[in-house]
Amino acid sequence: KGFTYFSSSRTEVGKYAIYCQRSLERTQQKGKRQARPSRMEILSILLRNPYHHSLPFSVPVHFLNNTYQVVSFDASTTVDEFQSRLNQDMRMRKTGLSGFSLYTDDPTGRELEYCLSGSLKICDILSKWEQASKEQHSGKSENTRTIRLTYKNRLYFSHQMRGESERERLLLAYQTNEAIVAGHFPVNKELALEMAALLAQVEFGDFERSIIASGSAQSKSNQTLKQVLDRFYPKHYRRTSSEEQQRQLMQRLSARWTSLKGRSSPECVRIYLTVARKWPFFAAKLFQAETTTPSPESGLSVWLAVHEDGISVLEHKSIKLLVTHPYKNLMTFGGCKEDFMLMVGHSIAMNSSKDKPAEKHLFAMDTFRIREITLLISSYINSAHQQKAAAHHLSAPALMAAQPVSLKSKELRSKSPPALGRPSKAPTLL
């Protein structure tokens, strides 16, 4: 009511009053802020005439195929609202169906990413990120570095595959490529080359071998082939290659790429994912760890693969399955002293059909990764319950009823998982 006088005014003050009224109404709807306005937010208000826009702020969201989408928002926009707008712009399904989530980089420059909780406000995230970055640089504002938001898959459910949009499939292919390049996906050299050629066709289109034997044309072709190998071929296969082997590799790549001439990007993506999905742990998130308990073997380097069916322990070098712990067998999990703990009732082990008694498995991991894997497991369990409840109209989570019996509470520290009887939140910034 206090803005009624200015609402019909055409003066700049009146326009700002209308903007303030709109902001106040949004605050009443979405709740108060957690952080003061960031420098970016203040500059946007001062320089962009916010009364001309219902969503006066904007920020780019990056994808793993080196593209981005600029998304607009206001001071009260939550991550859920932001993702909904992004999904509409990108023609992707709702986050609950696609499994994609918004991540931010680490403000201190570490190689870490934070999955953002849907209830957080984008402007609060920007403010906290900016403040953390400023503190890292002795209180000085750093103008050369800004927050980087990335949108990628976090939860993958095979039964949702049929509804995938073309954009989702494209981004899944590039996310799979990241795993292949890093050596987190089991492909031999020949299959790796085939998949690199498919993504080369997606990224660059037809490979045109120059008929003119000019040095510049040959050099350009070689540069493109090197770029493809750098982005789409496993690094560990190239690391030990001689110069002659590298030259032969480029020749084989050019032949395979040329054989794909005329193939469209969607077709190549479909072929790529058809091959990739043959691996049982496609789209699983892998965490490097070391076993600290006798089972399966103490001091063994492993991968903990978190997927829709449970947590699987994979041998580190070969990425072969050692044991799988279905979610229904988990009694509790999370940080235990300095390790990550799984308390399981039964296990499905390789070459074993007998049920095992309840066991506590401990894995040495970085503290940040312990929190990340704990929250990811919680999200999978909660999502499974929500889907089951929607299908069968259940009111209580059957999957989460089990609680630890023999585990002493003093062994659990602040890194323990959220209570299993209620939905947990995704990792939040800082």
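Phe73 is buried, with a relative accessible area of 0%. Phe82 is buried too, at 0% relative accessibility. The model is a predicted one. A search of the whole structure finds 13 aromatic pairs, and the rings of Phe73 and Phe82 form an edge-to-face pair. The largest pocket holds about 1400 Å³ of space. The largest nonpolar core counts 98 residues.

**Aromatic pairs**

- The ring centres of Phe73 and Phe82 are 5.8 Å apart. Their planes stand at 70 degrees, so the pair counts as edge-to-face, a class that needs over 60 degrees.
- Phe57 joins Phe73 and Phe82 in a cluster linked by ring pairs.
- Tyr156 and Phe282 make an edge-to-face pair. The distance is 5.2 Å centre to centre, with 85 degrees between the planes.
- What does the pair of Tyr156 and Phe282 tie together? Tyr156 sits in the loop between β5 and α7, and Phe282 in the loop between α12 (265-276) and β6, so the pair ties together parts that are 126 residues apart in sequence.
- Tyr156 is buried at 9% relative accessibility. Phe282 is buried at 6%. The cut-off for buried is under 20%.

**The largest pocket**

- The volume of the largest pocket is about 1400 Å³. Its lining has 50 residues.
- Closest to the centre of this pocket are Glu113, Lys152, Glu178, His184 and Arg369.
- Strands that give two or more residues to the lining are β3 (100-105), β4 (113-115), β5 (149-153) and β6 (285-291). Helices that do so are α7 (166-182), α9 (215-232) and α13 (367-392).
- Helix α7 gives the most to the pocket lining, with nine residues.
- By class, the pocket lining has 25 nonpolar, ten polar and 15 charged residues.

**Cavities**

- A search of the whole structure finds two cavities of 30 Å³ or more.
- The largest cavity has a volume of about 70 Å³.
- Which residues lie nearest the centre of the largest cavity? They are Arg93, Leu97, Ser98, Tyr156 and Phe157, from a lining of 13 residues.
- The cavity lining divides into six nonpolar, four polar and three charged residues.
- Tyr156 belongs to the cavity lining and also to the ring pair with Phe282.

**The largest nonpolar core**

- In soluble globular proteins, nonpolar side chains tend to be buried together.
- Here the largest nonpolar core has 98 residues. Leu304, Phe340 and Ile377 touch the most other members.
- Helix α8 (residues 189-204) gives the most to this core, with nine residues.
- Not counting residues up to four places away in sequence, Phe340 touches Leu304, Phe333, Gly334, His361, Leu362, Phe363, Met365, Ile370, Ile373, Thr374 and Ile377.

**Backbone exceptions**

- Most residues other than glycine have a negative phi.
- Arg91 has a positive phi of about 55 degrees although it is not a glycine. Arg91 lies in the loop between α4 (79-90) and α5.
- Is Arg91 buried or exposed? Arg91 counts as exposed, because its relative accessibility is 73% and the cut-off is over 50%.
- Ile319 also has a positive phi, near 60 degrees. Its place is the loop between β8 (310-315) and β9 (321-326).
- Ile319 counts as buried, at 6% relative accessibility.

- Pro186 is found in the loop between α7 and α8.
- Pro186 is partly exposed, with a relative accessible area of 33%.
- Pro186 touches Trp279 and Ile319, leaving aside residues up to four places away in sequence.
- Pro186 and Trp279 are 93 residues apart in sequence. In space the C-alpha to C-alpha distance is 8.1 Å.
- The contact with Ile319 joins Pro186 to a residue with a positive phi.

Definitions and conventions: Residues are numbered from 1 along each chain as its sequence is written. This is a predicted model: local features need pLDDT of at least 70, side-chain atom pairs count only at pLDDT 80 or more; totals for chains, interfaces and linings use all residues. Side-chain values use heavy atoms; hydrogens and water are left out. On a 1 Å grid over the protein atoms alone, a cavity is a set of points where a 1.4 Å probe fits but cannot get out, and a pocket is an open set with protein on both sides within 12 Å along at least five of seven lines; lining residues have an atom within 4 Å of a point. Grid points are joined across faces, edges and corners, and a volume is the space filled by probe spheres set on the points. Helices (H or I, at least four residues) and strands (E, at least two) are DSSP runs, numbered from the N terminus. Ala, Val, Leu, Ile, Met, Phe, Trp, Tyr, Cys and Pro count as nonpolar, Asp, Glu, Lys and Arg as charged, and the others, Gly among them, as polar. A nonpolar core is a set of buried Ala, Val, Leu, Ile, Met, Phe, Trp, Tyr and Cys residues joined through side-chain atoms within 4.5 Å. Buried means under 20% relative accessible area, exposed over 50%, partly exposed in between (1.4 Å probe, protein chains only). Contact means heavy atoms within 4.5 Å. Rings of Phe, Tyr and Trp (its six-membered ring) pair if their centres lie within 6.5 Å; planes under 30 degrees apart count as stacked, over 60 as edge-to-face and the rest as tilted.
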